[in-house]
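Hi there,

Here is the structure I promised to pass on to you. Have a look at it first, and then read my notes below.

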Amino acid sequence: QVQLVDSGGGLVQAGGSLRLSCVASGRTFSRYASGWFRQAPGKEREFVAATRWSEGGVYYVYYADSVKARFTISRDNAKNTVSLQMNSLKPEDTAIYYCAADPFFSSTDASTWSPAYWGQGTQVTVSS
């Protein structure tokens, strides 16, 4: 069982930056895939970014095309945290952002990842 608490959202002007953080409970979190989704008003929840652990101890990262080169996902296993650094924000990035985690992750198509554990969400608003 994993519990996630995400934070860091806020109001920022277009072109600005925000950093989201997610703290997880659970001693095996380092072995979990973790990441971020977002849901804009009137739209379905969509995949943003994820990181997963491999047997070789390497962490792989995945991004939605819409955020590549602007967002960076990172994790600190010692602190059980996963973060999302968001730069060059655009008004279309406005959404509620959710941290997510699951023991399993399919790298075939990261956008179809369906994690079992979710944070409560944090609002990101980008003004034009």
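**What I found**

The count comes to 1 disulfide in this predicted model. In case the word is new to you, a disulfide is a covalent bond between the sulfur atoms of two cysteines. Here the partners are Cys22 and Cys99, with their sulfur atoms 2.1 Å apart. Cys22 belongs to strand β3 (residues 18–24) and Cys99 to strand β9 (residues 95–102), so the pair ties together parts that are 77 residues apart in sequence. The link is left-handed, with -80° about the S-S bond, and both Cys22 and Cys99 are buried.

Next, please find Asn80, in the loop between β7 (71–76) and β8 (81–86). Is Asn80 buried or exposed? Asn80 is buried, because its relative accessible area is 16%, under the 20% cut-off. Leaving aside neighbours within four places in sequence, its contacts include Cys22 and Phe29.

Now for the rings. The whole structure holds 8 aromatic pairs. One of them joins Phe37 and Phe47 edge-to-face, at 5.7 Å centre to centre and 80° between the planes. Both Phe37 and Phe47 are buried. Tyr98 and Trp118 also pair edge-to-face, at 6.4 Å centre to centre and 85° between the planes. Tyr98 is in strand β9 and Trp118 in strand β10 (residues 117–118), 20 residues apart.

Arg45 is worth a look too: Arg45 lies over the face of Tyr98, 4.1 Å from the ring centre, and its charged end sits over the ring of Trp118, 4.3 Å from the centre of that ring.

Enjoy exploring!

Note on methods
Residues numbered from 1 in each chain as written. Predicted model: local features only at pLDDT ≥ 70, side-chain atom pairs only at ≥ 80, totals over all residues. Heavy atoms only, no water. Disulfide = S-S within 2.5 Å. Helix = DSSP H or I, 4+ residues; strand = E, 2+ residues; numbered from the N terminus. Buried < 20%, exposed > 50% of the residue type's maximum accessible area, 1.4 Å probe, protein only. Contact = heavy atoms within 4.5 Å. Phe/Tyr/Trp six-rings, centres within 6.5 Å; stacked < 30°, edge-to-face > 60°. Lys NZ or Arg CZ within 6 Å of the ring centre and 35° of its normal.
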